[in-house]
Amino acid sequence: MTDPRSPVLTQKQISILKESGTVMTFEKEIAVFEAGDSAYNFYVILDGAVVIKDPFNKNQVLATHRINEFTGDNSMLSDRSIPFSAYALKGTTVLSITPIQLKEIISKHSDICDVLLTAFIQRQETMLKEFNGGIKVVGPEKSKETYALRDFLEKNHIWHTFLNTNVSEEAQELLHSFGLLNEDLPIVISISGEISKKPTVAEIARKTGVLIEFTDEIFDVLVVGAGPSGLAASVYAASEGLSVITIDGNAPGGQAGKSSKIENYLGFPTGISGNDLANKAYIQAQKFGCTLSIPQKAEKVEYNGSHFILCASNGKNIKAKSVIAATGANYRRLPVDNIEKFEGSGVFYSATGMNASACKNELVGVIGGGNSAGQAALFLAEHAHEVHVIIRGNDLGAKMSDYLVQRIETTPNIIVHKNSNITQLNGTHYLESLILDTDGTTQVIGISNLFTFIGAKPCTEWLNGIVSMDDKGFIYTGPDVIESAMAESSIYKKRKPQSLETSIPGFYAVGDVRKGSVKRVASAVGEGSMAISQVHQYLAELKMNG
């Protein structure tokens, strides 16, 4: 059986690839690309072999590509740096293809595209799940700053290893060998060996190629937010030939990306994690030529009558003829005085594999009665000693899907507290316990990891009231936009806003940020794809008026 990570190309496929590539033979063993490179070629092996090695241990061969196989992974579709090194053995002959040429081939030849992307995805999954290595994050586990770095790397599928300075001898040896102190933590050691003390997420993103620079052109579409609706809009826009750029302040997936397992999304009978779904959509958007930059937060947006100008968190301006707001909604903070102190050091807003490993045999709390809370409770119950689900009402099924309610009720180590509120969080440096009030009766529970999924506050601060919103900040679209709120525009003199269009023509809102949206992944994807057909109409009108 063929290994999906190392498929063999057919002679017909190689002939097509030869039209775009250059054949070269290496007289001696040579590195064809090195870990940390962000611009490197794609190689088809015509004779000999190319070995893939761990950059930290060059004696460890991770894979060997032989005749009619090929090198590369998902980073070839973007500006991400490659996390390993490749060496062509002496006498090896390869077909060398540049990244630009490769993207053209992927867009034109579906059979080659399918083989390459399947292998790229499998290689990434194997690297993340089976190999220790990549970027090293060194710091205490229960540290807000350490958590932020690990969370970013995990959610963006960047190969890394965490060394907990509280328990790891290797971590202490590293600190000693580099003359570093606890005050320098956390530190990040890049694949090339470069050390960064207390780096920001943006600094790490820039060094790994996830955060990128843009050209100064005016794009057809700017998508703000890479949750399900934003990624769907990105895929459809790029696949239909529009120039599209997508930004997000954290990671692909939005709230859905925080779901440990989505079981009611069409086409995945055994379920899929929100993170995996988002990563596949992220790759799909890049396959069609969408440019994605993360973390790139929208600070403000302006409209000059002909196009939009968005100021992003790095001070760069992005210009676009149309904008799709897909920024979603964030979970609200628990109304407890010292909540900020414990965020990232005991209080979390998503439940990933990284969180689960820290919850082993611990008491865990999950606040909220929606599907995300239910999925998190079931996921964490596989690792924790007990999971305490805390809801304000008396009916777990009021907002949660029935299949989740039934599973929670039959999971022995999940305890549901109804009519309950948390009134106090305790701990010196990290969360150690909390006080729970149930119908006026209080109790102290030794919960050290608390996951909160309450409320939904729309992420619309960046809009500065440029479009019409309700008193909670959700954006009005279509028939909900009243005539007096519509921008002065020749387009709106001829027609009403389209169903996903806001009070400014060419500005759309999709997903959870939109007033009246259905808070489900499937509906968000539907809105994102539908918005592009409306963008086409607007761009045609713009051209006609221009």
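Student: Which helices each supply at least two residues of the lining of the second largest cavity?

Tutor: Helix 3 (110-130) and helix 8 (274-287) do. Helix 3 gives the most, with 4 residues. Keep in mind that this is a predicted model.

Student: What makes a residue part of the lining of a cavity?

Tutor: A lining residue has an atom within 4 Å of a cavity point. For the second largest cavity, the residues are Ile 121, Gln 124, Glu 125, Leu 128, His 157, Asp 276, Asn 279 and Lys 280. They divide into 2 nonpolar, 3 polar and 3 charged. The volume of this cavity is about 50 Å³.

Student: How many cavities of 30 Å³ or more does the structure hold?

Tutor: The structure holds 3. The largest cavity has about 110 Å³ of space.

Student: What lines the largest cavity?

Tutor: The lining has 13 residues. Nearest the centre lie Glu 141, Tyr 147, Phe 348, Ala 358 and Asn 449. Helix 4 (144-155) and helix 10 (353-358) each supply at least two lining residues. Helix 10 has the largest share, 3 residues. By class, the lining has 4 nonpolar, 6 polar and 3 charged residues.

Student: Why is Cys 359 called buried?

Tutor: Buried means under 20% relative accessible area. Cys 359 has 0% relative accessibility, so Cys 359 counts as buried.

Student: How do you know that Cys 311 is too far from the closest cysteine sulfur for a bond?

Tutor: A disulfide needs two cysteine sulfur atoms within 2.5 Å. The closest cysteine sulfur to that of Cys 311 is in Cys 459, 18 Å away, and therefore too far for a bond. A search of the whole structure finds 0 disulfides.

Student: Which residues is Phe 56 in contact with, leaving aside its neighbours within four places in sequence?

Tutor: Gly 134, Lys 136, Ser 190 and Ile 191. Contact here means heavy atoms within 4.5 Å.

Student: Why is Asn 464 called exposed, and Asn 419 partly exposed?

Tutor: Exposed means over 50%. Asn 464 has 58% relative accessibility, so Asn 464 counts as exposed. Asn 419 has a relative accessible area of 28%, so Asn 419 is partly exposed.

Student: What is the phi of Asn 419, and what is that of Asn 464?

Tutor: Phi of Asn 419 is near 50°, a positive value in a residue other than glycine. Asn 464 has a positive phi of about 50° and is not a glycine either. Most residues other than glycine have a negative phi. Asn 419 lies in the loop between strand 22 (414-417) and strand 23 (420-426). Asn 464 lies in the loop between strand 27 (457-458) and helix 13 (490-494).

Student: Where is there a cis peptide bond?

Tutor: One joins Leu 185 and Pro 186, with omega about -5°. Another joins Ile 294 and Pro 295, also with omega about -5°. Most peptide bonds are trans. Pro 186 lies in the loop between helix 5 (169-177) and strand 10 (187-189). Pro 295 lies in the loop between strand 14 (291-293) and strand 15 (298-303).

Note on methods:
Residues numbered from 1 in each chain as written. Predicted model: local features only at pLDDT ≥ 70, side-chain atom pairs only at ≥ 80, totals over all residues. Heavy atoms only, no water. Buried < 20%, exposed > 50% of the residue type's maximum accessible area, 1.4 Å probe, protein only. 1 Å grid on protein atoms, 1.4 Å probe; cavity = no way out; pocket = protein on both sides within 12 Å on 5 of 7 lines; lining within 4 Å. Points joined across faces, edges and corners; volume = space filled by probe spheres on them. Nonpolar A, V, L, I, M, F, W, Y, C, P; charged D, E, K, R; others polar.
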